[in-house]
Amino acid sequence: MSELEKMLSGQWYCATDKELVAQRAQAKRLCFDYNQLSGEHKSQRKKILKTLLPNVKGAWIEPQFYCDYGCNIYAPSGVFINHHVTILDGANIHIGKNVLIGPNTVIAATSHHMDAGERAKGMCRSKPITIGSDVWIGANVTILGGVNIEDGAIIPAGSTLR
């Protein structure tokens, strides 16, 4: 089983695997390119997002936006992602319709191993995150792997969900 397969199935995997490092590097390049463009460059921004986030349909995403892979983020139209949002998508992250994500939010499906020796080897595990429809996530919120947020929820600014 490849490290990618382990990652996507929720098993411990080595994040320093060559294939995973290459995929993250590609996503980082696309994030960088996206974040350098002003709002006047709508067609270029849209093209970058289509490549970076192939499973996100019609979301409004403010710069600075960062993700690990991009392809593991799923969202329909009507999603608004504010400035300085980071999504660590080592597992699938499903975002419902009409979701507002506040600035400086971190959605982290991935965590490092608790054992220092395993952590030094690059061992990580990722758990899916589901955010229902019509959810408002305030500023400076952290959402960790395995969390399911129900439809209509309001997550207060500064919250940590684990």
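View 1. Of the contacts (heavy atoms within 4.5 Å) between residues at least 6 apart in sequence, 31% join residues at least 24 apart. Buried residues (under 20% relative accessible area, 1.4 Å probe, protein chains only) account for 43% of the 162 residues. Residues are numbered from 1 along each chain as its sequence is written, and side-chain values use heavy atoms, without hydrogens and water. Because the model is predicted, local features need pLDDT of at least 70 and side-chain atom pairs count only at pLDDT 80 or more, while totals for chains, interfaces and linings use all residues.

**View 2. Fold content and dimensions of the chain.** The chain is as compact as a globular protein of 162 residues, because its radius of gyration over C-alpha atoms, 15 Å, is close to the 15 Å of the globule rule (2.2 Å times the number of residues to the power 0.38). Along the principal axes, the C-alpha atoms fill a box of roughly 45 × 35 × 25 Å.

**View 3. Pairing of strands 14 and 17.** Strand 14 (residues 142-144) runs parallel to strand 17, and two bridges link them. Ile143 has Leu161 of strand 17 as its bridge partner.

Note on methods: Two strands pair if DSSP finds at least two bridges between them. Helices (H or I, at least four residues) and strands (E, at least two) are DSSP runs, numbered from the N terminus. Buried means under 20% relative accessible area, exposed over 50%, partly exposed in between (1.4 Å probe, protein chains only).
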